Amino acid sequence: QVQLVESGGRLVQAGGSLRLSCAASGLTFSRYAMGWFRQAPGKKRDIVAGISRGGSRTNYEDSVKGRFTISRDNAKNTVYLQMNSLKPEDTAVYFCAAKSTLYDYSAYATSEYDYWGQGTQVTVSS
């Protein structure tokens, strides 16, 4: 079965950096667009960044542009989220997700994703 396992979440100070990883198994990774989402307490789950099958296209939520970078290594079946200049507002549970597609698109609605990981907690202190 398909499994997405996030790792790398932890407590960091504002201004610090963190890299999240999501290892995928049970799927043909190169056929899936990948996304990172986050959910803060009392809020809905929102897209943070998306990346196309081949990694040539990316999209970001406005609040993380210039600070976060999504990337993928299809040979390792892994997608990453490099987070720099972290702010307390970035505190949330971060999820990775996979969306099967024939096309090299990066932006999909939350409801379109097929598989989800369990999430990893990122806490940014001031």
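Reader: In the hairpin of β7 and β8, which residue takes a positive phi?

Author: Asn 77 does, with a phi near 55 degrees, in a hairpin that has 4 residues between the strands. This is a predicted model, in which local features need pLDDT of at least 70 and side-chain atom pairs count only at pLDDT 80 or more, while totals for chains, interfaces and linings use all residues. Residues are numbered from 1 along each chain as its sequence is written, and side-chain values use heavy atoms, with hydrogens and water left out.

Reader: In what sense do β7 and β8 pair?

Author: Strands are DSSP runs of E with at least two residues, numbered from the N terminus, and two of them pair if DSSP finds at least two bridges between them. Here β7 and β8 pair in the antiparallel sense over 6 bridges, and Phe 68 has Met 83 of β8 as its bridge partner.

Reader: Which residues have the most contacts inside the largest nonpolar core?

Author: A nonpolar core is a set of buried Ala, Val, Leu, Ile, Met, Phe, Trp, Tyr and Cys residues joined through side-chain atoms within 4.5 Å. The largest has 28 residues, and those with the most contacts inside it are Met 34, Trp 36, Leu 81, Met 83 and Tyr 94. Among the strands that each supply at least two residues of this core are β7 (68–73) and β8 (78–83).

Terms used:
Buried < 20%, exposed > 50% of the residue type's maximum accessible area, 1.4 Å probe, protein only.
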